[in-house]
Structure formats: C-alpha cells, structure tokens
Amino acid sequence: MKRILSISIKIIGLAAVVFVVVFAFNKSKEQKCTDVRFDIVSEDKSFIGVINEVKSDLKVAGYDALEGILLSAIDLKAIEIVVEKSPYVANAEVYSTIRGIVYVKIEQRVPLVRIYNHDGNSFFVDKDGFKMPILKNSNQHILVANGFIVEKLDSQKNVLSPMAKKIVFTANVIAADSLMNALCEQLYVNSQFEIEMITRVGDHKVIIGDTTDLSEKLNKLAVFYREGYKNEDLDKYQSINLKFKGQVVCKKRVTNG
C-alpha cells in the first residue's frame with residue numbers, strides 16, 4: 001500500500017511539473033517584450049560609450065524598438081550577431097526572460113593604447129592587438145603612441161606591422177607594472193625605429209630601443225628613479241638610455257654659459 005502511495009505521489013508530482021512547463025511555454029509564446037536592458041559584464045568597465053554605439057548599430061539593423069513585440073517574434077540570435085559585429089565588443093549574449101525582458105550582455109574590448117600613425121590618423125588597440133576606431137565622446141585616459149608608425153585602421157582587424165606589434169607588447173608590459181603604468185605618459189617611435197618613453201617625472205626622454213629584455217629595462221629605470229633622485233635633479237638630463245644591458249646611460253642637457 002505504501003509503495004502504491006509513493007508511486008502515486010511521484011506521478012502526481014511529475015504531472016504537476018509537466019503542467020507548469022507546458023503552461024510556462026504557452027505563456028511565453030504570448031509574452032511581449034517589456035524592456036531591453038544592456039549590461040557590461042567585463043571586469044574593466046572604464047571604457048564608456050560602448051552601449052550607445054551598440055544601440056546605434058541595433059537601430060540601423062531595425063532592432064531599436066522591441067517593446068511590445070511578441071518574444072517569439074524577436075530573433076535574439078540575429079541581435080547577438082549585430083552586437084558582436086561592433087569593433088568594441090569581444091563577445092555578447094542576448095536572451096529573454098519569462099517577464100518579457102530582453103537582456104544584452106556585453107563583454108567589451110578595452111583600449112590599451114591609442115596609436116597615431118605617420119599620417120596623423122589615430123585608432124585604439126586593445127591588449128590583444130585588435131584595432132578599433134576612436135570612440136566618440138570618449139574622455140578616458142589612454143596611453144598614446146606616435147612617431148614613425150605605418151600601421152593603419154583598415155579591414156585587417158589586428159595589427160600587422162612589426163612596429164605596431166612592438167608598441168602593443170610594450171604597452172601590455174607597462175600596463176602590468178603599476179609603477180610604470182603610473183609613470184608612462186607616451187610612447188614615441190623615432191627615426192631609427194627605436195621606442196622612446198615620455199614619463200611624468202622630469203623633462204627627459206627614456207630610450208627603450210627595441211623590446212628585447214623589456215621588463216629588465218623597465219626594472220632598471222625603476223631602480224634609477226628610486227635611488228634618491230629628486231625631480232629637479234632629473235631635469236638635468238636630456239635622455240635616459242636603457243638600451244645597454246645592465247646599464248642606465250644618462251645624457252645631460254646642454255646649457256649655454
């Protein structure tokens with residue numbers, strides 16, 4: 001008797017679950033979109049303006065007025081494809097809830113460096129070397145690199161030129177070092193295709209050269225800055241050269257008289 005009762009309870013429970021699922025499914029077919037919500041899911045949310053760009057793209061594609069439309073009539077996958085076509089988006093997920101809310105989750109690309117090429121045109125590059133157009137109304141502080149750089153913003157999404165790749169590598173190393181990240185203001189590629197760094201300390205340039213042993217070179221610079229030099233003393237130098245292994249070579253500024 002107890003066994004029969006137990007089986008009956010299980011059957012009733014299963015039937016209840018099936019009923020709820022069927023009811024929810026039928027209800028979802030009648031549910032209209034009540035709201036569209038955008039959310040940046042990346043850890044770094046400092047790059048503002050991405051959501052506005054995505055909304056603009058969706059408007060062009062005809063997905064800007066979803067409220068009041070049956071959820072079953074909304075192609076969520078097509079919306080996701082439109083969102084992921086944005087150069088500022090690494091990945092996207094679009095889904096709806098039983099309450100009619102359409103969520104657009106965005107993993108954004110965060111600019112690592114702004115490159116000005118030798119033609120004077122500029123573009124953003126992220127940590128993976130992915131190129132992006134300059135985002136309108138973006139006032140985020142981003143490391144700048146300029147000088148003898150031939151890379152252009154074109155149909156090729158990732159940087160191709162050797163020098164641009166070196167710039168991205170250098171910017172990544174600097175970003176990973178809290179001291180250098182705070183000190184570095186600009187990277188410059190000189191006519192010898194050597195990388196120079198302009199810092200916020202003193203009125204001099206730091207000659208890095210190529211990216212060989214870059215971490216070691218920056219460590220040498222950190223030690224040099226920490227060894228009791230005051231800001232006014234650093235102004236005596238025109239350049240600080242890190243190209244030579246195990247050495248920091250300083251060139252004093254030439255003064256008249």
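Student: What makes Phe123 and Asp154 count as contacts of Lys131?

Tutor: Contact means heavy atoms within 4.5 Å. Setting aside neighbours within four places in sequence, Lys131 is in contact with Phe123, Phe124, Val125, Glu151, Lys152, Leu153, Asp154, Gln156, Lys157, Asn158 and Val159. Bear in mind that this is a predicted model, where local features need pLDDT of at least 70, side-chain atom pairs count only at pLDDT 80 or more, and totals for chains, interfaces and linings use all residues. Residues are numbered from 1 along each chain as its sequence is written, and side-chain values use heavy atoms, leaving out hydrogens and water.

Student: Why is Lys131 called buried?

Tutor: Buried means under 20% relative accessible area, exposed over 50%, partly exposed in between (1.4 Å probe, protein chains only). Lys131 has 3%, so buried is the word.

Student: What makes the link between the side chains of Lys131 and Asp154 a polar contact?

Tutor: That term needs a pair of N or O atoms within 3.5 Å; within protein, one must be able to donate a hydrogen and the other to accept it, and residues adjacent in sequence count only if both atoms are side-chain atoms. The Lys131–Asp154 pair sits at 3.2 Å.

Student: How do you know that the span of helix 4 agrees with its 14 residues?

Tutor: Helices are DSSP runs of H or I, at least four residues, numbered from the N terminus. The expected span is 1.5 Å times one less than the number of residues. For helix 4 that gives 20 Å, and its end C-alpha atoms are 20 Å apart, so the two agree. Among its buried residues are Met163, Ile167 and Ile174.

Notes: Helices (H or I, at least four residues) and strands (E, at least two) are DSSP runs, numbered from the N terminus.
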